[in-house]
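Biologist: Hi, could you walk me through this one? I'd like to start with the charged pairs.

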Amino acid sequence: MNKLMNCMKKVLEKKEIKKAMTRNNLYKFWGKVAGAKFASKSKPYSMLGGGIMVIACENSIVAQELMLKKTQLLVKFKPYLDSLKINVKDLKFDAKKWGG
């Protein structure tokens, strides 16, 4: 049992794993930030360099509506970003990334 615990500890200490877990936690907050109207029509897709989060959108209309609300979304996201110590400076909405 000790070997298993040590192995798990080593895996969880890896930078890539910590980063993935942090992003996963951040992605879970999207529904609260986007609101009920957009939670099922959009979802975090990936992170780009420079603190840009890509949001997959069901269609171009959803992407456009979210684009118009981008400043408000970033403000609502700030407490979650601060608690996870993640720097997201911008949101990019992309209907081509939607997979359902």
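Modeller: Happy to! A salt bridge here is a side-chain nitrogen of Lys or Arg within 4 Å of a carboxyl oxygen of Asp or Glu. Keep in mind that this is a predicted model, where local features need pLDDT of at least 70 and side-chain atom pairs count only at pLDDT 80 or more, while totals for chains, interfaces and linings use all residues. Residues are numbered from 1 along each chain as its sequence is written, and side-chain values use heavy atoms, with hydrogens and water left out.

Biologist: Good to know. How many salt bridges does that rule give?

Modeller: The count is 3. Lys 78 pairs with Asp 82, with the closest N and O atoms 3.0 Å apart. These two are 4 residues apart in helix 6, so about one helical turn separates them. Helices (H or I, at least four residues) and strands (E, at least two) are DSSP runs, numbered from the N terminus.

Biologist: Is Lys 78 buried, exposed or in between?

Modeller: Lys 78 is partly exposed at 46% relative accessibility, and Asp 82 is partly exposed at 45%. Buried means under 20% relative accessible area, exposed over 50%, and partly exposed in between (1.4 Å probe, protein chains only).

Biologist: Which residue does Lys 70 bridge to?

Modeller: Lys 70 bridges to Asp 90, and their closest N and O atoms are 2.9 Å apart. That pair links distant parts of the chain, since Lys 70 is in helix 6 and Asp 90 in strand 3, 20 residues apart. Lys 70 is buried, with a relative accessible area of 17%, whereas Asp 90 is partly exposed at 28%.

Biologist: And what does Lys 37 pair with?

Modeller: Lys 37 forms a salt bridge with Glu 65, with 3.0 Å between the closest N and O atoms. Lys 37 lies in helix 4 (residues 36-39) and Glu 65 in helix 5, so this bridge ties together parts 28 residues apart in sequence.

Biologist: What about Asp 94, is that one buried or exposed?

Modeller: Asp 94, in strand 3, is buried yet has no salt bridge. The nearest side chain of opposite charge is Lys 97, 4.2 Å away. For charge, Lys and Arg count as positive and Asp and Glu as negative; His and the chain ends are not counted.

Biologist: Switching to rings: how many aromatic pairs turn up?

Modeller: The search of the whole structure finds 2. Phe 29 and Tyr 80 are stacked, 4.2 Å centre to centre with 20 degrees between the planes. Trp 30 and Phe 77 are tilted, at 5.9 Å and 40 degrees. Rings of Phe, Tyr and Trp (its six-membered ring) pair if their centres lie within 6.5 Å; planes under 30 degrees apart count as stacked, over 60 as edge-to-face and the rest as tilted.

Biologist: How buried are Trp 30 and Phe 77?

Modeller: Trp 30 has a relative accessible area of 2%, so it counts as buried, and Phe 77 is buried at 0%.

Biologist: Nice. Which residues have the most contacts inside the largest nonpolar core?

Modeller: Those are Trp 30, Met 53, Leu 66, Val 88 and Phe 93, in a core of 19 residues. Such a core is a set of buried Ala, Val, Leu, Ile, Met, Phe, Trp, Tyr and Cys residues joined through side-chain atoms within 4.5 Å.
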